Amino acid sequence: MNPAHLRKPQPSLLNSFFFSEEVPFGAAVVRMLMPLAAGIPLVMRFPRIRELYTTDGTPTQLFELFGQGLVLPVLSPWLAVPLYGMLLLAMFCAIIGFRTRSSLIVATVLYPYFSLLDGISTMTKYSVISTHILLLLALSNCGAVWSVDAWLKRRSGPAVVPPVPPRFAVWPVRLMQLLFAFIYFGAAITKIQTEAFFSGEQMRYWMLSNWNYENPVGEVMAMWSPLLLISAYLAVVWEILFGFLVWQPRTRLLMLAVGVLFHFMTWLTLGLYVFPAICVSCYFAFMMEADVLYLRHLARRLRLAPLLSLPVRTSARLLNLMPQFVPASVAWICLLAAAAMGASELEIRLDLYGRNAAPETRRLQPVDAAVARTMLQNDQRVRQRDKFFSFDIGTSTVGGQLANRKNSFTYGQTMIAQINLNPPHEDMWVECVLEDDAGRIIEQFGQFMTRDMLRANFTYEFGNRLVPGHYNMVLKNAKQEIYRRGFELTGKVPADAHASTVMTN
């Protein structure tokens with residue numbers, strides 16, 4: 001007889017999802033990779049701490065951009081520079097797992113502080129993601145494995161450390177996973193409401209720009225409109241399905257692989273560097289304990305274990321040089337103090353703004369007169385040609401974009417002459433002129449393109465008015481020739497064909 005009050009309660013699905021226990025291998029990898037990706041821009045901004053984050057510079061808080069004034073205190077360089085050095089050390093200590101939780105708490109406080117102080121350049125989307133991940137890592141036990149803390153605990157005595165790595169509740173890792181599921185789902189909802197995304201214009205203009213970094217591959221791919229359309233739909237479908245399929249055993253690796261490919265393409269075509277690195281490094285939060293055990297078994301079968309254990313053995317030899325009588329907490333505090341003083345000294349020695357230079361070398365130098373006139377004048381007019389992005393001819397469209405480019409047509413086909421404009425532009429009257437190889441005008445039609453339009457089509461059906469030969473379709477605006485596309489008409493003139501007509505959409 002088993003009384004009801006003595007029966008063991010069955011765990012619910014929600015409890016199993018959040019409170020099942022695993023070795024935090026995935027969180028440990030995120031701890032090692034994400035601060036590294038987020039810390040590289042911090043190191044690059046170090047010489048300009050005084051300008052970006054202190055009272056000597058011009059910090060623009062994110063709150064100011066939303067009209068909320070100065071919310072965070074702006075410190076003097078003598079305080080901001082040491083704090084920045086402590087942030088860099090905290091990131092490094094989180095990577096190696098030394099005083100992991102304390103380092104992550106310091107990073108969680110200082111990283112968003114400096115990011116919010118510079119809402120123009122430092123505060124980005126990856127800053128928001130990094131802040132959330134740092135907080136969740138601080139709440140997790142990511143320093144229990146593959147860390148200096150774990151090695152120090154193991155060195156203190158074999159009786160303290162069990163033979164199997166400790167297991168902890170997975171709820172911090174689950175929150176990391178849910179964070180990315182919600183990020184992708186929200187991004188998909190935003191894209192669905194953006195018409196220019198599905199037409200390809202938005203992605204094309206981003207690929208052609210250098211707002212982030214140079215992206216020569218994107219400049220080439222921007223010319224292939226069907227590829228942009230297909231990529232747009234695939235991206236939205238993947239972002240919606242990610243949160244539903246990434247926890248399924250059969251589709252987990254597929255969704256993560258597509259995500260890696262997606263972020264790799266943003267680096268290749270859009271010039272994004274830090275954002276893809278942070279996102280891909282956080283994908284290791286989806287790594288399970290069984291995955292690590294399988295990889296270890298595979299390494300043994302391939303006889304790679306000695307090679308993979310080399311960094312571990314090297315690190316152990318270096319850590320053995322540490323004196324055991326110095327407590328880790330004391331060493332960590334001393335390192336923070338050294339980082340603060342070292343950052344202050346390094347910033348003074350760099351002297352990027354010449355504060356320590358002789359007075360005569362700090363005088364303002366005159367700017368070149370031609371450069372000054374270019375910077376001050378605002379009457380430069382945009383050339384008519386620069387208002388147009390492309391002018392191509394073909395026979396079919398996909399999602400409103402020209403799907404093929406042709407220079408040879410036959411009777412019975414309908415030519416589509418598509419115009420793509422660069423925003424912004426004014427209301428314009430645009431003409432499309434059909435000329436023969438001698439420059440004689442055969443047809444001439446036009447249409448208005450309002451300031452909100454980015455694309456327009458002219459269609460021409462080849463009937464019995466033209467004879468086989470070479471022709472040109474010419475785009476004109478404000479009595480100026482913008483583009484000229486030559487083509488050849490081949491075949492025999494059909495006797496029963498209708499006369500060719502020109503229409504506009």
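Predicted model: local features only at pLDDT ≥ 70, side-chain atom pairs only at ≥ 80, totals over all residues.
**Figure 1. Strand β3 and its partner β7.**
Strand β3 pairs with β7 in the antiparallel sense, over 6 bridges. To find your way along the pairing, look for Gly394, whose bridge partner in β7 is Ile416. In a regular strand, side chains alternate between the two faces of the sheet.

**Figure 2. The whole chain, for orientation.**
The chain has 20 helices and 13 strands. Of its 505 residues, 40% are buried. Among contacts with a separation of 6 or more, 71% are between residues 24 or more positions apart. The chain exposes about 28,900 Å², and carbon and sulfur atoms supply 64% of that area.

**Figure 3. The largest nonpolar core, seen around Phe180.**
The largest nonpolar core has 60 residues. Met34, Ile133, Phe180, Phe242 and Ile278 are the ones with the most contacts inside this core. Pick out Phe180 and look around: leaving aside neighbours within four places in sequence, Phe180 is in contact with Ile129, Ile133, Phe242, Cys279, Cys282 and Tyr283. There is also a second, separate core of 26 residues, which includes Ile393, Ala417, Met473 and Ile482.

Glu239 sits in helix α13 (residues 225-245) and Lys191 in helix α9 (residues 171-192), and the pair links distant parts of the chain, 48 residues apart. Are these two residues buried or exposed? Glu239 counts as buried because its relative accessibility is 2%, which is under 20%. Lys191 is buried too, with a relative accessible area of 18%.

**Figure 4. Arg252 and Asp291 join two helices.**
In this view, the side chains of Arg252 and Asp291 meet in a salt bridge, at 3.1 Å from N to O. Arg252 lies in helix α14 (residues 252-270) and Asp291 in helix α16 (residues 289-301), so the pair ties together parts that are 39 residues apart in sequence. Arg252 is buried, with a relative accessible area of 12%. Side chains of opposite charge can pair when their charged atoms come close.

**Figure 5. Further salt bridges to look for.**
Arg383 forms a salt bridge with Asp386, and their closest N and O atoms are 2.9 Å apart. Arg383 is exposed, with a relative accessible area of 55%, while Asp386 counts as partly exposed at 36% relative accessibility. Elsewhere, Arg50, Asp56 and Glu347 are linked in a network of salt bridges.

Which residues make the nonpolar surface patch of about 820 Å²? They are Leu36, Ile40, Met44, Tyr213, Leu261, Phe264, Trp267 and Tyr273. The elements that give two or more residues to the patch are α2 (25-45) and α14. Trp267 is a handy landmark here: this residue lies in helix α14 and counts as partly exposed at 36% relative accessibility.

Most residues other than glycine have a negative phi, and most peptide bonds are trans. This view gathers some exceptions. A cis peptide bond joins Pro423 and Pro424, with omega about -5°; Pro424 lies in the loop between β7 (414-421) and β8 (428-436). Trp146 has a positive phi of about 55°, although it is not a glycine, and lies in the loop between α7 (125-139) and α8 (148-155). At 36% relative accessibility, Trp146 counts as partly exposed. Lys479, also not a glycine, has a positive phi near 65°. You will find Lys479 in the loop between β11 (469-477) and β12 (480-490), where Lys479 counts as exposed at 87% relative accessibility.

Terms used: Residues numbered from 1 in each chain as written. Heavy atoms only, no water. Helix = DSSP H or I, 4+ residues; strand = E, 2+ residues; numbered from the N terminus. Buried < 20%, exposed > 50% of the residue type's maximum accessible area, 1.4 Å probe, protein only. Contact = heavy atoms within 4.5 Å. Areas by Shrake-Rupley, 256 points an atom, 1.4 Å probe, with all protein chains shown as cover. Core = buried A, V, L, I, M, F, W, Y, C linked by side-chain atoms within 4.5 Å. Salt bridge = Lys/Arg side-chain N within 4 Å of Asp/Glu carboxyl O. Patch = residues over 30% accessible without salt bridge, like charges linked within 9 Å, V, L, I, M, F, W, Y side chains within 5 Å. Pairing = 2+ DSSP bridges.
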